[in-house]
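Thanks for coming. Please have the display up before I start.

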Amino acid sequence: PERAHYEKHIGVKATFAPDLTAIGDDTDKLLMIGLPSLERMLAPVREAFPEFAVGMSKPAYLEINNPAATKGAALRALAEHYGLGPESVMAIGDGLNDLSMLEYAGVSVAMENAHEDVKKRCKYVTLSNNDDGVAYAVKKWAL
């Protein structure tokens with residue numbers, strides 16, 4: 001059921017791999033879905049696979065990605081395309097998978113309901129997503 005929810009939310013067909021030997025060279029992302037306690041695996045997986053971007057997009061989703069396929073890499077490419085440096089960029093996030101983007105941005109904003117590690121690493125904290133935190137942040141720090 002969780003895989004079907006992920007596929008519907010992301011719009012991508014997932015392939016179940018019973019073990020890592022079943023993964024081919026055409027794999028874009030590895031996603032481990034488990035209990036919220038899966039977060040305790042984050043540091044050991046990062047240590048085991050230092051050449052990859054390892055993070056969490058939800059409390060029970062541990063992701064392993066190509067380091068060029070992170071939100072930070074995408075934000076950097078977009079900013080460079082428009083001739084902007086990090087100091088001209090604001091990023092707003094709430095999850096551990098947002099950290100690369102938030103670290104790149106000159107103005108980093110965490111949602112009030114963000115993961116505690118995200119809040120600690122941002123310059124600012126805005127209202128929650130239930131209280132129009134993105135709109136508040138844009139008005140306060142971007143306009």
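I begin with a side chain to backbone pair: a polar atom of the Ser108 side chain lies 2.9 Å from the backbone nitrogen of Lys123. Before going on, the ground rules. This is a predicted model, in which local features need pLDDT of at least 70 and side-chain atom pairs count only at pLDDT 80 or more, while totals for chains, interfaces and linings use all residues. Residues are numbered from 1 along each chain as its sequence is written, and side-chain values use heavy atoms, with hydrogens and water left out.

Back to Ser108. It is found in strand S5, residues 107-110; helices (H or I, at least four residues) and strands (E, at least two) are DSSP runs, numbered from the N terminus. Is Ser108 buried or exposed? Its relative accessibility is 4%, so Ser108 counts as buried. The classes are these: buried is under 20% relative accessible area, exposed is over 50%, and partly exposed is in between, with a 1.4 Å probe and protein chains only. Leaving aside neighbours within four places in sequence, Ser108 is in contact with Ala91, Leu102, Arg121, Cys122, Lys123 and Tyr124, where contact means heavy atoms within 4.5 Å.

Now the sheet. S5 sits in an open sheet of three strands, in the order S4-S5-S6, with parallel pairing. Strand S4 (90-93) and strand S6 (124-125) are at the edges with a single partner strand each, so one side of each has no neighbour in the sheet. Two strands pair if DSSP finds at least two bridges between them; for S4 and S5 there are four bridges, in the parallel sense. Gly93, for instance, has Ala110 in S5 as its bridge partner. Helix H6, residues 133-142, lies across S4, S5 and S6 and runs at about 155 degrees to S4. For that angle, axes are lines fitted to C-alpha atoms, for helices over the stretch in contact, and angles run from 0 to 180 degrees between N-to-C directions.

Next, the core. Which residues have the most contacts inside the largest nonpolar core? They are Val54, Leu62, Leu75, Val89, Ala91, Leu96 and Val118, in a core of 22 residues. Helix H2 (42-48), strand S2 (53-58), strand S3 (61-65), helix H3 (71-81) and helix H4 (99-104) each supply at least two residues of this core. H4 gives the most, with four residues. A nonpolar core here is a set of buried Ala, Val, Leu, Ile, Met, Phe, Trp, Tyr and Cys residues joined through side-chain atoms within 4.5 Å. Val54, again leaving aside neighbours within four places in sequence, is in contact with Leu42, Val45, Arg46, Phe49, Leu62, Glu63 and Ile64.

Glu63 takes us to the charged pairs. A salt bridge is a side-chain nitrogen of Lys or Arg within 4 Å of a carboxyl oxygen of Asp or Glu, and by this rule the count comes to six. In one of them the side chains of Glu63 and Lys29 meet at 3.4 Å, N to O. That pair links distant parts of the chain, with Glu63 in strand S3 and Lys29 in strand S1 (residues 29-33), 34 residues apart. Glu63 is buried at 7% relative accessibility, whereas Lys29 is partly exposed at 31%. The side chain of Glu63 also makes a polar contact of 2.6 Å with that of Ser57. A polar contact is a pair of N or O atoms within 3.5 Å; within protein, one must be able to donate a hydrogen and the other to accept it, and residues adjacent in sequence count only if both atoms are side-chain atoms.

Two further salt bridges lie within helices. Arg3 and Glu7 meet at 3.9 Å, N to O; both are in helix H1 (residues 2-10), four residues apart, about one turn of the helix. Arg3 is partly exposed at 36%, and Glu7 is buried at 18%. Arg3, Glu7 and Lys13 are linked in a network of salt bridges. In helix H5 (residues 116-121), Lys119 and Glu116 are three residues apart, about one turn, and their closest N and O atoms are 3.1 Å apart. Glu116 is partly exposed at 46%.

That is where I stop.
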